[in-house]
Amino acid sequence: MSKTVKLKKGFDINLAGKAEKTIASTPPSETFAIKPTDFIGMKRPKLFVAEGDTVKAGTPVLYDKMQENVMVCSPVSGEVVEVRRGAKRKLLEIRILADKEIEYETFKTYSGSDLHKISREDAQAQMTKGGVWSNLLQRPFGIVANEADTPKSIFISAFDTHPLSADIAFTLKGEEEAFKAGVEVLKKFTSGKVHLNHDLSGEVSTVFANIEGVENNKISGPHPAGNVGIQIHHLDPIGKGEVVWTITPYGVVQIGKLFLKGIYDASRLVAVAGSEVSKPQYFKTYTGAGINKFIDGNLKNDHVRFISGNVLTGERIEKDGYIGFYDNLLSILPEGDHADFLGWIMPRKEVLSFHRAWGLLSFLNGKNKEYALDTNMNGEPRAFVQTGTFEKVTPMDIYPTYLVKAIMAEDFDNMEALGIYEVIEEDLALCEYVDVSKHDIQEIVREGLELIQNG
Amino acid sequence: MKFLHKILEKQKPMFEKGGKLEKLYYLFEAGETFMFSPATTAGNKGVQIRDAIDLKRMMMTVVIAMVPCLIWGIFNVGYQHYIAIGEATSFFSIDNLLFGSRWVLPIVLVSYAAGGLIEAVFAVIRKHPINEGFLVTGMLIPLIVPPTLPLWQVALATVFGVVVGKEIFGGTGMNVLNVAMTSRAFLYFAYPLQISGEVWTQMAGEVAVDGYSGATALAVANNVSIQGTQSVVEGLSQANNVLASPFGGDFFSFQNMLIGGIPGSIGETSTLMALIGAVILIATGVGSWKVIVSVFAGALAMGTIFNLAGANEFMLLPAHYHLVLGGLAFGAVFMATDPVSAAQTETGKWIYGVLIGMLTVIIRVLNPAYPEGIMLAVLFMNVFAPLIDFYVVEANKKRRLARAV
């Protein structure tokens with residue numbers, strides 16, 4: 001039964017500089033990088049390549065010692081130009097200089113109508129070898145899915161409610177067949193259903209229309225309505241010992257192409273957005289693209305922060321950095337390292353606030369006002385004082401404050417009982433935004449997840 | 001202002017680790033962040049933008065909500081003085097303002113100074129930031145004491161409240177009891193002479209007119225009920241009727257008690273001003289409307305239950321009178337809503353508020369030794385708030401378990 005879920009709690013952050021639906025004609029990025037740190041839970045990455053090696057798109061570059069079959073593959077063909085390591089030789093980046101014409105490793109191809117005949121074992125072998133397995137994340141913990149598991153359901157969110165998010169339908173235009181094929185393959189892996197969740201208020205784009213054998217659910221509400229974690233909570237909640245897999249629509253398309261075309265196709269559209277971008281729009285490139293081509297001559301000023309991903313859950317990167325494996329967005333914000341005279345009491349209308357305390361007037365601007373927010377903390381860290389605000393931005397039957405406190409106290413029983421299996425960082429990111437006492441909620445959530453995983 | 005910030009930044013290394021004055025770092029931090037909101041930016045991972053709110057602004061909102069009560073209190077202290085000596089003019093006269101300021105402002109200053117000093121000492125010793133919570137506590141304490149309270153007692157009560165009520169638990173955010181109520185309870189039990197009886201009018205050495213009584217409405221109600229010869233409303237209307245009510249009716253008429261031209265603690269006499277504060281707190285979302293509404297609802301409900309029981313005259317007092325008597329309104333708006341000592345779950349807030357309202361009326365009516373029920377009710381429910389939350393959260397856990405099957 002497909003369901004409709006109407007959510008009320010949450011908060012939309014309407015930022016200036018949304019990407020226009022045009023594709024830039026700038027020359028493509030020259031270098032690409034694989035960052036082992038993108039794969040949460042990857043403990044011991046092992047390299048297959050060394051500097052100077054040549055690779056094709058789909059050539060295995062590294063794997064995690066804990067999951068030996070799952071390959072992370074090169075998104076492009078070219079030469080491995082640098083292997084960057086940090087303290088204690090921690091592997092940070094494998095940089096690859098791309099060829100002009102991309103060459104592909106080839107895998108077995110299937111026709112769309114044959115796909116339902118494929119066995120789980122064959123599909124799994126091709127996906128792990130072909131670099132697309134890492135698109136599958138498992139709940140709890142939000143880590144790369146374990147091959148040995150059979151999830152009780154698989155969730156795909158067809159819309160993204162994060163600030164400045166790329167329009168998924170636009171980025172996947174023309175990939176109808178691949179998406180369909182991807183879903184067909186995914187069905188092999190679950191004992192239950194594949195859930196495809198649409199925005200109730202929007203139209204279902206052709207990519208996601210007429211997909212057979214899935215639950216087409218409709219979700220409405222402010223952010224985080226588009227987060228799979230929230231959707232799982234309302235449609236098929238996770239109890240202790242249960243596993244659900246999640247995957248982005250882009251990941252589904254990649255799986256589809258691996259079987260239809262027999263290649264690891266890492267090409268994708270990346271949105272470059274934010275108030276400091278001269279012309280926010282989409283760029284055609286590959287996973288792990290260097291951002292220098294996107295920003296050359298495209299910035300209003302240079303005192304900015306580059307963020308791979310969205311402004312709530314993303315990661316800061318340098319101006320010669322690379323987009324992360326799971327991201328289809330480069331957000332660019334003004335850096336907020338300014339001190340304001342009596343800034344704690346002056347009226348502020350231009351800085352968005354969920355609250356309405358003295359002088360916070362942004363609620364007068366209306367919903368359509370676009371904000372150019374910077375990265376200032378707007379205050380200092382303090383002990384928990386205000387109550388009830390986390391609950392207002394978390395559309396789940398969960399008490400985030402109690403959960404966070406249980407994590408801080410390393411109280412395993414309470415973490416479990418209060419719902420740690422149902423959340424990952426992104427689901428409580430808004431709590432971090434609205435927090436009066438400026439805690440790093442997402443970092444705390446990850447600590448809690450690691451405690452449970454290892455404890 | 002940039003140059004000022006540069007000067008401050010230049011001093012900073014002295015206070016940082018390894019600097020000469022590193023022990024005083026949090027004092028410097030407090031001073032600097034009060035002048036300039038800090039230039040720190042969000043971390044590398046996670047949320048890259050932060051809401052415009054911070055704790056200072058939230059606490060200042062509460063202080064601003066208290067300003068109507070403070071200003072009213074200043075005028076009222078003056079007014080009560082001049083009617084007591086038979087020289088009353090209009091309520092909002094310059095004389096009232098000057099006299100009131102002369103006696104109220106020193107109490108405010110002493111409260112802030114004594115509490116601020118303790119905050120600073122603990123910040124240095126315990127190495128935690130100076131907590132903005134004291135902005136609120138420092139203003140709450142003057143508003144809930146009589147204008148005749150000796151300044152040394154103000155200082156002592158503040159110190160006791162901050163140390164025993166808060167700092168021994170680890171500072172703002174960790175306390176179990178409301179700090180200001182702890183201070184007042186300390187005064188009530190340590191110095192009962194200075195906080196009960198006819199201490200509510202600052203006579204400043206002058207002699208009251210014949211027939212004047214400085215008793216509060218609650219005390220009058222209690223006495224009438226003990227004598228049992230007339231109804232409390234009648235008794236109130238006859239009390240102090242040598243004095244004119246500034247706002248129409250008898251001195252202890254419902255409307256005068258609602259508006260607040262009566263003797264009492266400095267900031268709590270006017271239910272109307274407390275309600276203006278409530279509007280500010282609710283509109284800004286800083287105070288929980290659930291707590292405020294449920295305290296009033298609880299008091300009304302308990303008053304009605306007593307009406308039905310009707311064993312004595314106090315029980316028969318119309319329930320709505322309880323809302324304007326004593327400090328109930330002020331307590332409901334500014335004390336019960338303290339987010340740290342109140343229940344923290346939304347369901348819990350309803351239960352917590354209703355019980356405060358009911359307990360206040362029970363204490364008032366059934367225990368003549370403690371006419372001001374709100375103080376004990378809030379402290380009592382502060383202690384029980386974690387228990388209420390515990391059951392609300394347990395219910396949530398059970399829902400989660402039940403769902404899994």
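Where in chain B is confidence lowest, and where is it highest? In this predicted model, local features need pLDDT of at least 70 and side-chain atom pairs count only at pLDDT 80 or more, while totals for chains, interfaces and linings use all residues. Residues are numbered from 1 along each chain as its sequence is written, and chains are lettered from A and ligands numbered from 1 in the order in which they are written. Within chain B, helix α1 (residues 2-15) has the lowest confidence, with a mean pLDDT (the predictor's confidence in each residue, from 0 to 100) of 77, and helix α12 (residues 271-284) the highest, at 96. Helices (H or I, at least four residues) and strands (E, at least two) are DSSP runs, numbered from the N terminus. Chain B has a mean pLDDT of 89, with 99% of its residues at 70 or more. The model's ipTM is 0.89 and its pTM is 0.92.

Chain B is assigned domain 1 (55-195) and domain 2 (217-262 + 270-397), with bounds from an automatic or database domain assignment. Contacts (C-beta atoms, placed from the backbone, within 7 Å) link 26 residues of domain 1 of chain B with 25 residues of domain 2 of chain B. On the domain 1 side, α3(B) gives the largest share, twelve residues.

In chain A, five strands form an open sheet of mixed pairing, in the order β16-β15-β19-β17-β18; strands pair if DSSP finds at least two bridges between them. Because β16 (281-286) and β18 (315-317) of chain A are at the edges with a single partner strand each, one side of each lacks a neighbour in the sheet. Strands β15 (residues 267-273) and β19 (residues 329-334) of chain A run parallel and are joined by three bridges.

Definitions and conventions: Contact = placed C-beta atoms within 7 Å.
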